[in-house]
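Here's a quick tour of the charged side chains in this model. Have the structure open and follow along.

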Amino acid sequence: MLKKMWTVVAVLYGASIFAQEVPIHRVDVTPDPANKPFLAVDLPDYCTVPDGTTLDPQSGVIYINCPNYAPRTADGKKVNPAILGCFGKDNQFRKLLEYPVHPKSGEVGPMGIALGPDGNLYVCDNQFFIEPKGSVASRILRVVMKDGQPTGKVDVVVDGLRLANAILWHDNVLYVTDTQIPTKAYGLGGIWRFQANEVVGTKETLVVNPACDKHLMATCPVKKIGRMDNAGLDGMTWAWGAIYCGNFGDGMMFRVDIANDGKATVTKILDDDDFQCCDGIFYDAATDKIYIDDSQANGIRTLDKNHNHGWLWVNDDTDGSNGLLDQPAECIVRDGVLYIVNFDWTFPGLKNTVSTDAPHSVSGIRLSK
C-alpha cells in the first residue's frame, strides 16, 4: 500500500521512480541546540496536512490553511475536508471555515494564503493533486472576512492556473507562484502578477492561460538532481526590494526585480548541491533574514541580504513529537518566534517516510537577532 502511495506521488510531481529507490541527499549539519524547535501548536486530528499561513498584524492572529490531501479512503476520497483555521497568541487552534469544493473536481486544496488590502483573505486553491491529475484548474479564492472572521462567502477571482502555491500581496499587487507551468522542458515554475483592481471587489472570475498570458510575469527553470523532482517555484517572499523565490525540486533560489512597468528581471542567487529543496520562505525584518523550509532535509535554512546561506536547524525523520520538524513546508514570524508548519505528506526522496502520522503540528523556534 505504501509503495502504491509513493507511485502516485511520484507521478504527481514528475518523478519516475519509487520513493525507496530515490536516494535521500544527506547534509552534514550539527545544529545549534539553542535553535531546537518546540511544539508551538498541537493541531487537531482533522488537520492532517496543514500548509499556508498569514499574519494579521493588527490582532496578531495567524491564519492557517489545511488542504488535507491525505489520508484517503479506499475509494480515493479525502478523510478530512479542507479547512481554514487560526491561532492567536495563546497558540490555541480554532476552526473557522470548511472550504467549498470545486464544482468539477469535488475537492479543494487551499495552500498559500495572504491578507489582502481589503481585509479579505486570498487563497491558492491547488487542484494539481486532484483528479484529473495535473489539470490546469487551480484557482485564486477570496475569503470574505468581517471583524477577523470569515462570513462564509468564498469567491473565485482567478481561474486557469496549474499548481497555484504561494501567494503574496505587495504595494497593491498580488503575486502567485505556479509550481508546474506547462512546458516541454524538464520543469518550469512561474510567477503570476495581478493588479488589485483585477481581484479586489470584482464579481467576475479572471480566466488565465499559462501558455500565453500577460499576467505570467516570470518563469524559472528546474534542473535534474538525484531526487528527480521537476517541481518548480514554491515559496515566495518580499525582501530587500525584490521578490525572492525558490524551487521545490532542486533548491535553486532566485531574486526577481520588478520595474515600474511590471517587467521582471530574474537573477539566480543560489545553486548549491548542499541545498536541494526550497518550500515555503519568509522574510523577517527584525533579524533581516529569509527563512527557508527545506522539506527534503527536515530543516530550516537562512539567507541574508548578501545572499550568504546557512542552516538554522536540521533533524532526522520524526513524527513531529516534541516539536521536531516533520517535513516543514511554511513558516512565518510573530513576536520573535518562527512558526513552522509541518506538511507531513511525503514525496519521493524526502527524509519524511510516513505521511500524516500524529502529532499534526506547528513547530516554533525562538529567533535571536
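Let's start with a local pair: Glu98 and Lys95 form a salt bridge, with 3.9 Å from N to O. The term here means a side-chain nitrogen of Lys or Arg within 4 Å of a carboxyl oxygen of Asp or Glu. Glu98 is partly exposed at 46% relative accessibility, and Lys95 is partly exposed too, at 42%. For these labels, buried is under 20% relative accessible area, exposed is over 50%, and partly exposed is in between (1.4 Å probe, protein chains only).

Before going on, some ground rules. This is a predicted model in which local features need pLDDT of at least 70 and side-chain atom pairs count only at pLDDT 80 or more, while totals for chains, interfaces and linings use all residues. Residues are numbered from 1 along each chain as its sequence is written, and side-chain values use heavy atoms, with hydrogens and water left out.

As for confidence, pLDDT (the predictor's confidence in each residue, from 0 to 100) averages 93 over the protein, and 94% of the residues score at least 70. Residues 1–20 are below 50, though this stretch has 37 contacts in the model beyond near neighbours in sequence; contact means heavy atoms within 4.5 Å. Where pLDDT is low, the predicted coordinates should not be read in detail.

The whole structure holds 15 salt bridges. Here are three of them:

| Pair | N to O distance |
|---|---|
| Lys89 – Asp335 | 3.3 Å |
| Glu98 – Lys95 | 3.9 Å |
| Arg139 – Asp125 | 2.8 Å |

Lys89 sits in the loop between β4 (83–87) and β5 (93–98) and Asp335 in the loop between β23 and β24 (337–342), so this pair ties together parts 246 residues apart in sequence. Strands are DSSP runs of E, at least two residues, numbered from the N terminus. Lys89 is exposed at 56% relative accessible area, and Asp335 is exposed at 59%.

Arg139 counts as buried at 6%, and Asp125 is buried at 0%.

Leaving aside neighbours within four places in sequence, its contacts include Asn298, Thr318, Asp319 and Asp357.

Technical notes. Helix = DSSP H or I, 4+ residues; strand = E, 2+ residues; numbered from the N terminus.
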